[in-house]
Amino acid sequence: MAMHRKTSSNMQQMVATALIAALLFSSAIAQTPAQPQAAKGDQGLYRMRVESELVLVNVVARDKQGKPITDLKQSDFTLLEDGKTQKISSFDFENLDTTPLPASPGPAQQTANGPVTPVKPILTTKDADQALNNKRVIVLFFDLSAMGPDETERSIQAARKYIQTKMTAADLIAIVTLASSLRLDQDFTGDQARLLRVLNRFSHSEGQGMDNGSTGDADGIEESGNAYTPDETEYNQFNTDRKLQALQSLCQILGKFNQKKSVIYFSSGVTQTGIENQAALRAAVNTAIKSNVAIYTLDARGLEAEPPGGSASTASLRGTAMYSGAAVQSSMDANFASQETLTTLSGDTGGKAFLDTNDLGQVFDRVQRDTSVYYVLGYKSSNPLRDGKYRHIQVKINRPGMNLEFRKGYYAPKDFQHFNAEDKQQQMEDELASELPNTDVALYMAASYFRMDDRRFYVPVALVVPGSQIPFTKGGDKDKASLDVIGEVVDELKRPVGSVRETVKLSLDAAQEVRRKNVQYSTGFMLATGKYHFKFVVRENQSGRLGSFETDFVVPDIRKAPLKLSSVVLASQRQPNTKKTQNPLVRDGNELVPNIAHVFTQDQHLYFFYEVYDPAKDKSPEPSPAAKEKTPQVKNPIHLLTSIVFFNGKVKAFETPLIEARQMNASERKAAVFQFDVPLAQLKPGLYTCQVNVIDDVGGNFLFPRLPILVREKTTASPAAATVSTGGELH
């Protein structure tokens, strides 16, 4: 066995506008080490990358009578990779108990005995290696998503029989199922009663409805009475990927433990759709090899007869296929295709496929046989290439008459230069699902909220990557680079409510000095009030380095607030944007580019943007001194007062003129929109607190939100900030 160790449902609408903003003020941040924030639950967690080139090979040695050999030494073995001898750097021998436990009581007796005392979980504990030491680690994986009731019952009966009659003291067994989701039903335990109780709870109809559909060919399919035969090829592709990704996820979890693991996969076959599922299959196999997991696949359909007209449970067939023999051939081809994937999974991971047999207990005997007495050989490959190619392993022994069983090879690890499109997509998705952040590329994020109606808010999100983190390449008179962005928003119940996936291509003049500034990407989501978790991943496509940022975000329920105020957005740039969009930051043909760091220079303008919703109506408005008799009467008059005060410490350094609003200028959203343009030349460099004064004079309500800003001295080395548009709206 070889192991290579190397360490959108509720979304209403998503609008993404890609902006690459080389911000003048950002040179300080671009030169500062990355400190991406994480969600509260991840505070104190750090990612430590460990890369080891150790390849492990599990070898079972038997004599001519099939009995295991237990007296071999490291010097007795010769190990070759692609025909080249490798130096064995580690050697270990495992010999586990094979004596069955006393017979377990039947289901009725177990129920009468009352609840089972909770056991300490292993999958989630740090001392799992010690708990699994000198144990036969087995996972019973029931794929309920496609198995029929009879197949499920046979699988459960086989597992129950093994636990009652053949389970040994060295066995630690976990139970996992795949139905509507991947679920851990029982953590590793040697408690027979607990395992039997879990098996007895299984519903034979759980997960039904995930069978593969038709491919659009009307000849030789069941007569269902439908006017046409739908082509469900894309659904079949998704369904197969789902099964393979479930196996991959399970192997990733098991990879945390050093012991050899065996996964017994109960299913009714896995059918690939051409080459579309190859990436998922390769990922599942590679993960199993790296995690030292052997997959034993079992076709729960058993030995099936294929009558020309189909079984008695199916309707008569359409067309002439039943009479020409094409129906039988098609059925046999489909059965072979579904078993081919099972054979690949087991053969490439060091397990064995059990097909066309009604004795389902054979798989348990084989697992015990393969994991009772075996040798573990470790070596460092002499091939330094990380090209992802298959490498053949051969193990020889200096004693005649010996039979050796071992995995025949493994796929070499890949570096980013050898990734294909599927690998690159998988890398992004894996990082998005990772529990720990990646900081190889510094990434910063900020979000705000603006009400669209009583139930929905538009949430603009800005991501910033320092230009110094992006390796540009020369292309004529342009500096070129590209970034991949993927992100997801989930609600309190972990349901995805928004997502984004885009490749941003940069082509900038060298004079823009992007390396000393920032690259900013903007997107947005329609969200209801509530608590959300945001996570974004960015990859630069020169070396494949990744950066991630995740945080919690709350869209407040402002319906009962005395004064309903949006987020206050600060910006130093305005980007021309004449496209139709729901983004409130786009107004009068310009879009504000949020300043995430709140760092400005004296030669810049500081823009404020905020909105007030549902202000109190002024039933007796007083005309302003400038009002004239010819001025038309204001419909639904209001009276809002607002200004902005800058404090340097406790000293008021500057205050804008007081602005009065007598009517709503975004009546479709029942909002009064305020925009301020403050030239910063009149402020000295330093740290300021900006207080936004908002008063509803009619309602008698007020708010005074405060925001910190840093004003730096005017720079002379850089021209005005350059902004390049790289995309439009995504729906």
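1. In this note a residue is called buried when its relative accessible area is under 20%, exposed when it is over 50%, and partly exposed in between, with a 1.4 Å probe and protein chains only as cover. By that scale E540 is buried, because its relative accessible area is 1%.

2. The model is predicted, so local features need pLDDT of at least 70 and side-chain atom pairs count only at pLDDT 80 or more, while totals for chains, interfaces and linings use all residues. Residues are numbered from 1 along each chain as its sequence is written, and side-chain values use heavy atoms, with hydrogens and water left out.

3. A salt bridge is taken here as a side-chain nitrogen of Lys or Arg within 4 Å of a carboxyl oxygen of Asp or Glu, and the count by this rule is 25 salt bridges. One of them joins E540 to R545, with the closest N and O atoms 3.2 Å apart; R545 is partly exposed, at a relative accessible area of 29%.

4. The side chains of R539 and D484 also meet in a salt bridge, at 2.5 Å from N to O, and both residues are buried. R539 belongs to strand 25 (residues 530-540) and D484 to strand 22 (residues 478-491), so this pair ties together parts that are 55 residues apart in sequence. Strands (E, at least two residues) and helices (H or I, at least four) are DSSP runs, numbered from the N terminus.

5. Within helix 10 (residues 362-372), D370 and R366 are 4 residues apart, which means that about one helical turn separates them. Their salt bridge has its closest N and O atoms 3.0 Å apart, and D370 counts as buried because its relative accessibility is 4%.

6. Helix 4 (residues 149-165) packs with helix 5 (residues 192-200) at an angle of about 170 degrees, their axes being 10 Å apart. The two helices are therefore roughly antiparallel to each other, a term used for angles over 145 degrees, where axes are lines fitted to C-alpha atoms over the stretch in contact and angles run from 0 to 180 degrees between N-to-C directions. The contact (heavy atoms within 4.5 Å) involves, among others, I156 and I163 of helix 4 and L195 and L199 of helix 5.

7. I695, F702 and F704 make a nonpolar surface patch of about 280 Å². Such a patch takes residues with over 30% relative accessible area and no salt bridge, nonpolar side chains (Val, Leu, Ile, Met, Phe, Trp, Tyr) being joined within 5 Å, and areas come from the Shrake-Rupley method with a 1.4 Å probe. F704 lies in the loop between strand 38 (701-703) and strand 39 (706-712), and F704 counts as partly exposed because its relative accessibility is 38%.

Methods. Patches are made of residues with over 30% relative accessible area and no salt bridge: like charges are joined within 9 Å, nonpolar side chains (Val, Leu, Ile, Met, Phe, Trp, Tyr) within 5 Å. Angles under 35 degrees count as roughly parallel, over 145 as roughly antiparallel, 65 to 115 as roughly perpendicular and the rest as oblique.
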